[in-house]
Amino acid sequence: MELIEKANQEALSRMLSADPVLIDVVPASTAIPELKEKMILHAGPPIDWADMCGPMQGAIAGIAVFEGWASDLKDAAAKAATGVFDFHPNHHFDAVGPMTGMTTISQPLMVVENRTYKNKAYCALNEGLGKVMRFGGNDESVLARLGWLRDSFGPAVGKALRSGDGIPLKHLVARGLTMGDEMHQRNVACSGLLLRELAPALARTADDNEELAKALAFIGSNDQFFLNVAMAMGKSIMDPVRNIEGSSVVTAMCRNGTDFGIRVSGTGDTWFTAPVEMPEGLYFPGFSEDDANPDMGDSTIVETIGLGGFAMGASPAVAGFVGAGAASEAGNFTRTMSEIATGENPEWTIPSMDYLGVPTGIDIRLVLESGLAPTINTGIAHKEPGVGQVGAGVVRAPMKCFEQALVAFAESVGVK
Amino acid sequence: MKRPLARVSMRFTELTMQNNSVAKLLSEPVNVINVGLEGFAAELKQQDVAVTHVDWSPPAGGDPKIADLLSKLGT
């Protein structure tokens with residue numbers, strides 16, 4: 001249908017013409033004025049407390065204690081079960097969050113501005129590795145780190161960013177792809193490149209040398225620091241693609257540990273959901289698939305813009321890390337995802353694949369016709385709250401989401 | 001990698017035209033294109049028959065309602 005082809009070209013054009021720039025770090029209450037006391041934003045499509053998985057409930061209990069809304073984890077869980085807290089998806093507030101994706105009023109959020117379309121998107125700072133809230137961690141060490149991010153690190157990075165004109169992300173990602181990152185499970189290059197951009201401004205604006213050193217070491221020691229930047233970037237790129245009449249391009253994919261949800265441009269902000277699948281991957285020593293929680297997080301916004309599993313060919317090391325096969329097979333994932341994409345991104349290319357552009361603009365029609373579900377590279381959380389990450393793997397978006405979306409999309413263009 | 005069925009059937013038609021009878025086809029060495037179920041290709045390979053396997057499954061896993069919508073929506 002001509003209407004659909006034109007609408008999808010418009011969607012692709014908006015994605016490719018985006019100009020995402022990291023401009024600030026601000027408290028969530030500043031970034032999202034609608035956020036109130038006892039309001040908790042989470043990853044994935046809407047979900048009630050009773051349906052949440054272990055890590056999600058663990059993170060919610062932890063963030064409630066952190067915000068002073070509960071005396072301890074038990075009190076927090078009891079309050080959550082009786083409806084004291086108000087739960088909403090990050091996606092409903094221009095935001096995204098990795099894994100459990102906790103966003104509350106005092107959290108520092110990175111701000112990415114899409115300068116082409118003048119919209120902003122937000123994501124919390126990456127907490128680092130080990131026991132962290134995004135994987136359901138909620139003990140004192142986790143809350144202490146969140147306090148430092150809120151009181152010291154976040155304000156320092158915000159001040160540094162405001163002292164300049166922001167950090168353009170498009171070229172940074174392009175360089176990262178040539179250095180072996182796919183921006184979901186491997187962010188080593190981009191984290192380093194970001195640190196190079198940020199360090200002079202951090203040094204120039206720092207009040208305390210010791211805190212400066214701690215901030216630089218924190219970024220430098222966290223290979224996944226850039227993931228949250230890439231996520232805010234992804235959200236800033238995809239939001240202007242929403243609500244294009246007749247477009248069958250996916251504008252969001254996310255999961256809450258229970259359900260996987262997608263949104264499609266032509267059907268507006270409706271969620272199409274299905275039970276989330278288990279990742280297949282490799283486990284850290286001492287853990288196995290018996291410990292794993294189903295797939296979780298808003299980080300699939302990275303695949304929605306053509307990175308992560310779609311850019312696996314750029315990152316042979318990731319194929320091994322997530323248990324997706326030999327390094328020589330990494331390119332097959334990218335080639336396969338090309339079959340469900342509207343086009344390629346000529347600015348984000350993969351040198352080892354003769355500078356093939358990453359597959360861009362997932363078309364629900366192509367997904368269903370080919371039977372090829374989007375491939376997602378993901379971290380694996382322990383199914384019990386408070387334990388943390390136990391591995392990394394690959395997971396497929398459930399076909400049921402796309403089937404529901406197609407029926408609604410067909411109706412939206414008058415096809416029955 | 002999956003390929004559109006149209007391309008597969010075009011090749012099949014060409015082959016059929018070149019070999020205008022089943023008898024003639026089977027009197028010569030057989031080159032097989034196997035579409036869909038991989039087990040058939042594996043069996044032929046075991047018997048040293050040249051076979052090219054094409055990974056294919058019906059649109060929408062064979063769901064007629066989705067397939068009907070796809071045909072109307074085009075790709």
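Q: What makes a residue part of the contact between chain B and chain A?
A: Contact means heavy atoms within 4.5 Å. In this predicted model, 14 residues from chain B and 19 residues from chain A take part in the contact.

Q: How do you know what area is buried between chain B and chain A?
A: Buried area is the accessible area that two parts lose on being put together, summed over both. Between chain B and chain A that comes to about 1500 Å². Carbon and sulfur atoms give 67% of the area. On the side of chain B that touches chain A, the residues divide into seven nonpolar, three polar and four charged.

Q: How many salt bridges and how many residue pairs in polar contact are counted between chain B and chain A?
A: A salt bridge needs a side-chain nitrogen of Lys or Arg within 4 Å of a carboxyl oxygen of Asp or Glu. The count between chain B and chain A is zero. A polar contact needs a pair of N or O atoms within 3.5 Å. Four residue pairs, both residues at pLDDT 80 or more, are in polar contact between chain B and chain A.

Q: Why is the pair A:Arg14 and A:Glu10 called a salt bridge?
A: The cut-off is 4 Å. The closest N and O atoms of A:Arg14 and A:Glu10 are 2.7 Å apart, so the pair forms a salt bridge. Over all chains, the rule gives 19 salt bridges.

Q: What separates A:Arg14 and A:Glu10 along helix H1 of chain A?
A: About one helical turn, because the two residues are four residues apart in helix H1.

Q: What makes a space in the structure a cavity?
A: A 1.4 Å probe fits there but cannot get out. The structure holds two cavities of 30 Å³ or more.

Q: Which residues line the largest cavity?
A: There are 16, and A:Met102, A:Gln107, A:Ala124, A:Leu125 and A:Glu127 lie nearest its centre. By class, the lining has eight nonpolar, six polar and two charged residues.

Q: Which elements give two or more residues to the lining of the second largest cavity?
A: The lining includes A:Met15, A:Leu16, A:Asn345 and A:Trp348. Helix H1 (2–16) and strand E13 (341–350) of chain A are the elements that give two or more residues. The lining divides into six nonpolar, two polar and one charged.

Terms used. Residues numbered from 1 in each chain as written. Chains lettered and ligands numbered in written order. Predicted model: local features only at pLDDT ≥ 70, side-chain atom pairs only at ≥ 80, totals over all residues. Heavy atoms only, no water. Buried area = accessible area lost by both parts, 1.4 Å probe. Polar contact = N/O pair within 3.5 Å; in protein donor to acceptor, adjacent residues only side chain to side chain. Nonpolar A, V, L, I, M, F, W, Y, C, P; charged D, E, K, R; others polar. 1 Å grid on protein atoms, 1.4 Å probe; cavity = no way out; pocket = protein on both sides within 12 Å on 5 of 7 lines; lining within 4 Å. Points joined across faces, edges and corners; volume = space filled by probe spheres on them.
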